[in-house]
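Thanks for making time this morning.

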Amino acid sequence: MIKIFQDFGINTKNKDGKDSIEESIISKSHHEFVKMWLKFQEANHRVTTFGDNILQSIEDERLFTNFNPMVDTARLSTRKGEINFLNFPADQETRNCFKAYGDNVMVVCDFEGQENVVLADKSGDEVMTDSVVNGSCLHCAFARFLFPEITDLSDDEIKEHHSDKRSAAKSPRFAFAYGGNAFTIHVNENIPLKRAEEIEKSFKELHNGVFAWGEVELEKAIKAGYIESACGWKLHLPFFDKFKFLQGKVDSLSKEDWIRYRRGKSDYSRYYEIKRANVDLPADKKKQFVAKYPEDLEFYRSKKETVSDYFKLRSAYQRLVLNNPIQSCASHQTKLSMLLMFEWILEQDLQWSVKIVNAVHDEIILECPFDLKEEVADKLTECMKNGANQFLANLKMGAEAHYNYTWYLAKTKNLDNKK
C-alpha cells in the first residue's frame with residue numbers, strides 16, 4: 001500500500017524518514033484517496049473488533065467478560081483475550097444494539113466532566129475552576145490566548161462567529177492534557193515547530209495553576225520515588241534507580257560546566273546545520289565547519305547522553321504527575337460509587353433484580369425492572385455524587401441518571417412512563 005500512496009503523490013515519510021501509512025502521517029495530505037483509505041480502515045476495524053467475534057460470543061442473549069480490578073491508574077481493564085466492554089463506540093448504531101432484557105430498562109449515569117473537575121479541584125487552577133463552577137468553555141478560553149483579536153468576546157460570541165478559532169484551540173488542548181508538548185502538535189497538526197512552542201507557552205500561561213501544582217507534585221514524587229494519589233494509592237516511578245544516578249551526575253555540574261555545555265551545544269547544532277546544508281551542494285561549494293569552542297564541544301559530547309537521559313526521564317515523570325493522580329482519583333470515584341450502589345441493592349434485597357451490567361470509566365450502567373426505574377435512577381445519581389465528592393476538597397461533581405430501553409437512549413433521555 002505504501003507504493004500505491006506514493007504513486008498518488010502522497011507523502012509517506014515519518015519524522016525519521018521511514019515510509020509509513022499510519023493515520024498521523026497520511027492525514028496531513030488532502031488527497032481524496034486518503035479519505036477513502038481512512039474510511040475503509042475505520043470500517044474494517046469496526047467489523048473485526050465489534051463484528052463476528054462479538055456475535056460469536058453471545059450466550060443466552062448476553063455478553064460476558066472478565067475484568068482486571070485495576071491497572072497502574074487504578075482503573076478497570078479487560079483481561080487479554082476477553083471482550084473489551086470499555087471501548088465499544090458511543091454512537092447510536094453500536095449502543096442501540098444493547099437492550100434491556102425482557103420488560104427491564106437500562107439506567108445510565110456518568111459524571112459531568114469528571115477529569116476536569118478532579119484536576120481543577122487538585123490544582124486550584126482559576127480557569128479550570130471557572131469552567132466547573134460557571135460552565136465557561138475551556139476551548140474558548142484557550143482560543144482567546146491564541147488569537148488576541150477575540151480576547152474581549154464572550155464564549156457565545158466565539159462559538160457563533162469564530163468557531164474556526166475555537167476548533168484550532170481544541171486539538172492542542174487535548175494533546176497537552178494527555179502529556180503532549182510542542183513537538184507533539186508540531187507533528188500531529190503539521191505546523192511549524194516555532195508556532196507549536198508559542199502555543200505550548202500560551203497553554204502553560206493560561207493554566208499556570210495546573211503546572212505550578214504539577215511542579216510541587218513532581219518534587220514530592222522525585223523525593224519519595226512514587227506518586228501518591230487517592231486513598232494512599234502509589235505509583236512507583238519507573239527506572240527510578242537510573243534516574244537518581246543520572247540526577248547525581250547532573251547535579252554535580254557546576255555553573256561554569258553549564259556555560260561550557262551550552263557553548264558546546266551551540267557548536268554541535270551549527271555543525272549539523274552545515275552538514276544538512278551541504279547535502280545537495282557540489283564538493284567545491286560545501287561549507288567547512290570550524291568549532292568556535294572545540295574544547296567545549298568535546299565537553300558537550302561527553303555529557304550529552306547523560307543530560308538528555310536525565311531530562312527525558314524527568315519529563316516523563318512530569319507527565320505522570322499531571323495525569324496519574326487525576327486518573328487514579330477518578331477511578332476511585334467510580335469504584336466507590338459502584339460500591340455504594342451495590343450496598344443499596346443488598347440492603348433493599350434487590351440482588352438479581354437490579355444488576356450492575358457495565359462500568360465504562362466515568363459511566364455506570366444498570367438494568368432494573370420497569371417499575372423500579374425512577375427509584376434506581378435517583379439512587380444511582382445519589383451514589384455517584386456521594387462517591388465522587390468524597391475525593392474532592394473544594395468542588396462538587398455533577399451526575400444525572402437516565403433510563404430507557406437501550407444503552408444509547410438511556411444515556412441521554414428518559415422513556416415515557418408507559419410500558
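Let me begin with a definition: a salt bridge here is a side-chain nitrogen of Lys or Arg within 4 Å of a carboxyl oxygen of Asp or Glu. Please keep in mind that this is a predicted model, in which local features need pLDDT of at least 70 and side-chain atom pairs count only at pLDDT 80 or more, while totals for chains, interfaces and linings use all residues. Residues are numbered from 1 along each chain as its sequence is written, and side-chain values use heavy atoms, with hydrogens and water left out.

By that criterion, arginine 144 pairs with aspartate 155 in a salt bridge whose closest N and O atoms are 2.6 Å apart. Arginine 144 sits in helix H8 (residues 138–146) and aspartate 155 in helix H9 (residues 155–161), so this pair ties together parts that are 11 residues apart in sequence; helices are DSSP runs of H or I with at least four residues, strands are runs of E with at least two, and both are numbered from the N terminus. Aspartate 155 counts as buried, at 16% relative accessibility, where buried means under 20% relative accessible area, exposed means over 50%, and partly exposed is in between, using a 1.4 Å probe and protein chains only.

A second salt bridge joins arginine 314 to glutamate 219, with the closest N and O atoms 2.8 Å apart. This pair links distant parts of the chain, since arginine 314 belongs to helix H16 and glutamate 219 to helix H13 (residues 208–224), 95 residues apart. Arginine 314 is buried, with a relative accessible area of 18%, whereas glutamate 219, at 41%, is partly exposed.

Searching the whole structure gives 20 salt bridges, and Arg95, Asp110, Glu363 and Lys411 are linked in a network of them.

Aspartate 121 is found in helix H6 (residues 114–123), and its side chain reaches the backbone nitrogen of alanine 393 at 2.8 Å. A polar atom of the side chain of aspartate 121 also lies 2.7 Å from the backbone nitrogen of asparagine 394.

Turning to the spaces, the largest pocket has a volume of about 1,400 Å³. On a 1 Å grid over the protein atoms alone, a pocket is an open set of points with protein on both sides within 12 Å along at least five of seven lines, a cavity is a set where a 1.4 Å probe fits but cannot get out, and lining residues have an atom within 4 Å of a point. This pocket is lined by 42 residues, of which Arg62, Leu63, Phe85, Phe98 and Val357 lie nearest its centre.

The largest cavity, by contrast, has a volume of about 80 Å³, and H16 gives the largest share of its lining, 3 residues.

Technical notes: Grid points are joined across faces, edges and corners, and a volume is the space filled by probe spheres set on the points. A polar contact is a pair of N or O atoms within 3.5 Å; within protein, one must be able to donate a hydrogen and the other to accept it, and residues adjacent in sequence count only if both atoms are side-chain atoms.
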